[in-house]
Amino acid sequence: MTVQIKTLDYEPKRHTFGHIARRFGDKPASRYQEATLDVQATANFHYKPLYEPEFWQYDQNKTAVKMADWYKPLDPRQYYYATYNIARANMNQAVERSFAFVEERGLLDKLAAAARANLQRGLLPLRHLHWGANMNMTEICQRGYGTAVTAPCIFSSGDHLGMAQIVSRIGLALDGQTGASLDAAKAVWMTDPAWQGVRKLIEDTFVERDWFQLYVAQTLAVNGVIFDLAYKLSDAAWADGATTVAMLTEFMSDWRAEESRWSDSVIKTVAAESPDNKALTSRWAKHWIDRAVEAAKPLSAALLGDNGAAAEAAGEATRARAATLGLTL
Amino acid sequence: MTAKKLGLKQRYAHMTRGLDWETTYQPMDKVFPYDTFEGIKIRDWSQWEDPFRLTMDAYWKFQAEKERKLYAVLDAFAQNNGQTNLSDGRYVNVVKLFLTGISPEEYQAHRGFAFAGRHLRGVGPRVAAQMQSLDELRHVQTQIHTISHYNKYFDGIGEFPHMHDRVWYLSVPKSFFDDARTAGPFEYMIAIGFAFEYLLTNLLFVPFMSGAAYNGDMSTVTFGFSAQSDESRHMTLGIEVIKFLLEQHPDNLPIVQKWVDKWFWRGHRMLGLVAMMMDYMLPKKVMSWKEAWDIYFTEAGGSLFQDLARYGLKVPKYADVATAEAEHISHQNWAVFYQYTHAAAFHTWMPDKEHLDWLSEKYPNTFDKYYRPRWEMWAQMEKDGKRFYNMALPQLCNTCQIPMAYTEPGDPTTIAFRESRFNGDTYHFCSDGCKDIFDGEPEKFAQSWLPVHQIFQGACGGPTVPDVLNWYRLNNGADNLDYVGSPDEKLWNQWMAGAVKAAG
Ligand SMILES: [Fe+2]
Ligand SMILES: [Fe+2]
Ligand SMILES: [Zn+2]
């Protein structure tokens with residue numbers, strides 16, 4: 001007996017959800033679209049938050065920028081939970097291979113003392129900066145408006161925690177898995193004058209209440225100036241370890257290239273919405289990029305002996321990037 | 001001095017809590033502005049025991065693996081038109097209730113755990129809460145993707161976010177989560193982390209997932225299985241939180257007890273919808289709500305509270321009332337939806353003889369005495385062409401937002417009414433539990449967005465039922481009313497007839 005299922009009528013009555021069809025017409029929608037668009041509640045909330053009664057828990061007034069539709073700033077990567085995790089799991093396979101390669105050949109053990117000292121002072125404290133970035137992205141996720149922007153923020157916060165852990169693994173590889181290098185890196189983070197500008201910068205972002213200003217501060221200024229300085233412009237500081245460091249931080253380079261596609265396009269879309277948005281985001285970008293450059297100068301001076309030139313260069317690159325997003329600084 | 005190599009626990013500590021620092025350029029109280037007003041006292045955050053040790057690389061790896069498998073099943077289900085293997089077309093109404101009533105709360109949990117994952121001062125719980133925030137985003141997104149296929153064929157699914165913000169019975173779960181989301185971070189962790197994820201989770205997910213398994217819904221079963229390892233992490237976090245708070249300071253006990261009482265009762269009221277689903281909406285029954293309650297609350301909850309007794313914590317107030325109500329709640333809820341079927345986005349029906357007999361057997365103390373006669377009368381009225389609809393808008397309980405249809409403890413023939421006065425107004429409640437919750441936080445609960453009040457105030461599209469349905473985007477004649485005669489039924493019957501013909 002053969003069941004000829006084909007003879008049955010499986011013509012769909014509709015191709016997607018109503019809110020998606022109202023945006024694009026009733027045609028098959030992508031998984032990104034169905035997982036993202038209009039998922040956050042927007043109306044008829046019951047109670048004002050005990051901790052912040054001036055707003056609803058989802059409230060467009062938690063930032064000064066205004067969007068007619070917060071589902072305009074989409075993610076060009078089209079990440080939803082599954083595609084995000086699969087992408088990161090793949091990136092992480094390369095991390096595992098690199099650590100295995102470096103450890104097998106003892107590449108870190110063979111480093112000259114100067115390179116080791118610079119890694120200890122210049123690279124390992126970044127794990128704290130990643131943790132600060134994680135706090136900020138988590139804050140934007142909880143405080144922001146619209147799943148299109150907020151969902152990728154929790155992905156980003158997972159990324160920063162993951163990167164903080166990769167940096168920690170570099171420390172453990174350097175110190176023979178004792179953790180001594182990580183304790184030392186924390187002391188550097190807390191007291192070394194080279195890092196205090198950066199630490200003050202990130203602590204100041206922790207108290208920023210406007211979530212989109214925080215978004216600009218973190219994804220444009222902190223990522224563009226400080227992380228790019230550390231991961232792109234500091235090779236000279238790692239001396240004979242530069243190639244090894246490049247291998248072990250490949251995740252960070254890939255992540256930065258990938259995430260900035262999203263974070264840049266969000267800023268670009270929000271700025272393009274109105275002259276007011278453009279003015280606000282431009283002002284925020286200028287403020288935080290300037291601050292990041294000042295914060296980074298002592299760091300680049302200490303690591304590269306360049307009097308802060310690399311910090312300036314990272315700042316210039318970030319300003320140029322901001323200009324391509326339609327901001328006027 | 002030669003340092004020792006790190007053990008696993010110390011290594012994990014370096015990978016998580018070692019990242020955190022005491023801020024000095026900004027005061028800690030400004031960096032963490034929300035974790036003091038609730039009155040919870042934490043002496044030493046470092047005493048937090050990590051409930052699980054998962055670094056991000058391991059997280060990505062496990063979760064990616066699960067997602068690959070899950071989506072392979074979802075793709076196959078769609079390709080093979082798996083919906084035709086359901087026990088009956090009626091089953092899809094369970095899926096409708098799930099997507100409109102529960103998935104949006106997974107989303108709220110995602111944002112709520114992001115809040116806790118940023119604003120709890122202790123770094124250990126912050127990391128765990130962030131992972132749960134990621135997981136809860138997973139749950140809402142995989143549920144949407146799973147049910148997306150059903151939406152292509154069945155009514156009442158396609159407007160789930162719009163309905164969630166508006167439809168009267170969906171304000172029950174929505175207000176529950178809004179309540180948790182607008183509380184401080186510690187109450188949130190007790191409400192969702194402990195009460196919801198630990199104490200009551202089995203009463204929510206086991207009924208839906210085993211209901212799916214019994215009724216041939218392989219896609220829902222698969223996401224249910226796939227979420228199990230997430231849920232076990234969530235449970236360990238929930239239990240760790242409550243123990244930690246109770247261990248940190250004796251002053252925390254009365255605060256935590258009040259929250260446990262409140263969230264137990266709110267949870268019990270919300271789960272009444274699940275009770276109705278189990279007893280009435282599953283074509284193939286798994287077990288009765290009463291049986292589920294006995295296993296998962298009376299037994300499992302009983303030993304949990306025995307364990308927590310050493311901290312001075314007591315069994316939630318009104319647990320005895322809730323247990324007594326387990327004999328009634330599914331029937332009383334189904335009666336409400338049957339009467340208001342014109343205003344609900346899923347279908348209803350009167351149980352057939354076999355189903356009635358099953359209910360009589362499962363509820364020997366109550367069903368034949370209080371409910372079966374009414375069901376038989378309503379079935380007769382249907383036969384006579386006089387199907388019973390209730391066109392009067394019901395009064396809602398100001399706390400749980402369920403129509404006031406529950407009966408007095410110990411007297412199943414009298415509807416329970418309670419009230420409180422606050423700022424010159426009178427507020428109505430379905431039970432002592434709901435009244436106590438209001439009296440504990442009247443400023444908060446006086447704000448409730450009550451769907452029926454809102455209709456009377458003209459905030460819901462107009463004064464008539466069609467106006468309101470329109471405002472709900474509820475497609476009258478398709479999404480609502482009885483299953484018999486619905487487009488869902490017609491399509492299902494076509495498929496079944498076609499399958500028989502093709503097989504023959
Ligand atoms: Fe969940
Ligand atoms: Fe959960
Ligand atoms: Zn109530």
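Trainee: How many residues of chain B are in contact with chain A?
Mentor: 74 residues of chain B, against 73 residues of chain A. In contact means that the C-beta atoms, placed from the backbone, lie within 7 Å. This is a predicted model: local features need pLDDT of at least 70, side-chain atom pairs count only at pLDDT 80 or more, and totals for chains, interfaces and linings use all residues. Residues are numbered from 1 along each chain as its sequence is written, with chains lettered from A and ligands numbered from 1 in the order in which they are written.
Trainee: Which element gives the most to that side of chain B?
Mentor: α6(B), with eleven residues. Helices here are DSSP runs of H or I, at least four residues, numbered from the N terminus.
Trainee: Switching to chain A. How many helices and strands?
Mentor: 14 helices and zero strands. Its C-alpha atoms fill a box of roughly 75 × 65 × 40 Å along the principal axes.
Trainee: And what share of chain A is buried?
Mentor: 51% of its 329 residues. Buried means 20 or more other C-beta atoms within 10 Å of the residue's own, with C-beta atoms placed from the backbone.
Trainee: Which residues touch the most other members of the largest nonpolar core?
Mentor: Among them are A:Val225, A:Ala292 and B:Ile190, in a core of 225 residues. Such a core is a set of buried Ala, Val, Leu, Ile, Met, Phe, Trp, Tyr and Cys residues joined through C-beta atoms within 7 Å.
Trainee: What does A:Val225 touch?
Mentor: Leaving out residues up to four places away in sequence, its partners include A:Ile289, A:Val293 and A:Thr318.

Technical notes: Two residues are in contact if their C-beta atoms, placed from the backbone, lie within 7 Å. Helices (H or I, at least four residues) and strands (E, at least two) are DSSP runs, numbered from the N terminus. A residue is buried if 20 or more other C-beta atoms lie within 10 Å of its own, exposed if 12 or fewer, and partly exposed in between; C-beta atoms are placed from the backbone.
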